[in-house]
Amino acid sequence: MASLDPKFHEETVSIHKEHEELVAQLDQMDAALEQIVCYSEIFTDLATANQALSRGKWMAEWLPRHYEHEETTVLATIAKMSPELASFAREMKRQHNEMRVRLENFRDRIEHLSETSDLEDAVNQIKKDGTNLTRMMRLHMAAEEKKFASVEN
């Protein structure tokens, strides 16, 4: 097993801070999703849909830099340490790509909300997709944090 790069701890702390920033955005996204309502055929509270869209846009701009930072530092380091850690790093990169696609689909769905013929169904789908996305991101970050901590110990 290869030894840790001296900067590994520094990078895991940096990644942890980025994760904390993302969790704050996910909390806001979840709150906005919970507040989006659709009564009968009349869509109300478009502001909450716009809040969710705003969080989605922020994530779409911020996440690629985070993923690159994580993949080129911490994940690249642990991938060299063992076959098991290399497999973990590959899976985290695969999940990064999946989350990018899910986020783009979510944003697209919100941006075209006003064009839908079945508003109630569209709102329900946005809430479901958004909640699934934030849950996936939270689980992903928890797995990374746990693995990074175990490597350091």
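Student: Are H4 and H5 roughly parallel or roughly antiparallel to each other?

Tutor: This is a predicted model, where local features need pLDDT of at least 70, side-chain atom pairs count only at pLDDT 80 or more, and totals for chains, interfaces and linings use all residues. Residues are numbered from 1 along each chain as its sequence is written, and side-chain values use heavy atoms, with hydrogens and water left out. The helices (DSSP runs of H or I, at least four residues, numbered from the N terminus) have axes (lines fitted to C-alpha atoms over the stretch in contact, with angles from 0 to 180 degrees between N-to-C directions) that come within 10 Å and cross at roughly 160° for H4 and H5. Under 35 degrees would count as roughly parallel and over 145 as roughly antiparallel, so H4 and H5 are roughly antiparallel.

Student: How many nonpolar residues does the contact of H4 with H5 have?

Tutor: H4 passes H5 in a left-handed crossing (the near helix is turned anticlockwise from the far one by less than a right angle). Asp, Glu, Lys and Arg count as charged, Ala, Val, Leu, Ile, Met, Phe, Trp, Tyr, Cys and Pro as nonpolar, and the others, Gly among them, as polar. Sorted that way, the contact of H4 with H5 has seven charged residues, six polar ones and, for nonpolar, 14.

Student: And H1 against H5, how many charged residues are in that contact?

Tutor: H1 and H5 pack at about 160° with axes 10 Å apart, which makes them roughly antiparallel. The crossing of H1 and H5 is left-handed. In the contact of H1 with H5, there are 12 nonpolar residues, seven polar and, for charged, eight.

Student: What is the volume of the largest cavity?

Tutor: A cavity is a set of points on a 1 Å grid over the protein atoms alone where a 1.4 Å probe fits but cannot get out, with lining residues having an atom within 4 Å of a point. Points are joined across faces, edges and corners, and volume is the space filled by probe spheres set on them. Searching the whole structure turns up one cavity of 30 Å³ or more, and the largest cavity holds about 40 Å³.

Student: Which elements give two or more residues to the lining of the largest cavity?

Tutor: The lining includes His19, His66, His96, His140, Glu70 and Glu144. By class, it has six nonpolar, four polar and two charged residues. The elements giving two or more residues are H1, H2, H4 and H5.

Note on methods. On a 1 Å grid over the protein atoms alone, a cavity is a set of points where a 1.4 Å probe fits but cannot get out, and a pocket is an open set with protein on both sides within 12 Å along at least five of seven lines; lining residues have an atom within 4 Å of a point. Angles under 35 degrees count as roughly parallel, over 145 as roughly antiparallel, 65 to 115 as roughly perpendicular and the rest as oblique.
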